[in-house]
Amino acid sequence: QVQLVESGGGLVQPGGSLSLSCAASGSLFRIIAMGWYRQAPGKQRESVASINSGGGTNYADSVKGRFTISRDNAKNTVYLQMNSLKPEDTAVYYCNIRAYTDYTTWDDYWGQGTQVTVSS
């Protein structure tokens with residue numbers, strides 16, 4: 001069993017900042033990659049940012065230069081620092097971890113989601 005617990009999120013004015021974190025626990029053998037997705041009302045879930053085991057990162061074009069993803073391997077935790085937030089960033093944000101639970105078995109695991117609302 002793998003559990004992901006997200007924290008952070010909330011209501012912020014345009015131009016403001018928020019920080020999200022997601023801690024993984026349970027039967028983790030090796031984490032392959034960690035990332036954040038978001039889903040706005042009436043839209044499909046989309047990838048926001050990801051970070052691999054080597055520290056390499058990828059960002060959606062819409063958040064480049066504003067969001068920063070990082071990870072703490074010792075704590076199995078991934079973070080998302082969101083700056084210069086815009087109303088279009090409003091969505092439920094989900095963390096995702098792709099991990100091996102033994103030498104051959106890997107799967108994707110999801111957090112429960114946290115609401116981010118950007119509004120004046």
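Glu46 is partly exposed at 35% relative accessibility (buried is under 20% relative accessible area, exposed over 50%, partly exposed in between, with a 1.4 Å probe and protein chains only). Its partner is Arg38: the two side chains form a salt bridge at 2.7 Å, N to O. The term covers a side-chain nitrogen of Lys or Arg within 4 Å of a carboxyl oxygen of Asp or Glu. Arg38 itself counts as buried, at 6%.

This is a predicted model, where local features need pLDDT of at least 70, side-chain atom pairs count only at pLDDT 80 or more, and totals for chains, interfaces and linings use all residues. Residues are numbered from 1 along each chain as its sequence is written, and side-chain values use heavy atoms, without hydrogens and water.

Arg38 also meets Asp89 in a salt bridge, at 3.0 Å, N to O. This pair links distant parts of the chain, 51 residues apart: Arg38 sits in strand β4, Asp89 in the loop between β8 (77-82) and β9 (91-100). Strands (E, at least two residues) and helices (H or I, at least four) are DSSP runs numbered from the N terminus. Asp89 is buried, with a relative accessible area of 0%. Shared partners join Arg38, Glu46, Arg66 and Asp89 into one salt-bridge network.

The whole structure has 5 salt bridges. Among them is Lys64 with Asp61, at 3.1 Å, N to O. Asp61 is exposed, at 65% relative accessibility.

Now to Trp36, in strand β4 (residues 30-39). Trp36 is buried, at 0% relative accessible area. Trp36 and Val78 are 42 residues apart in sequence, yet 8.7 Å apart in space, C-alpha to C-alpha.
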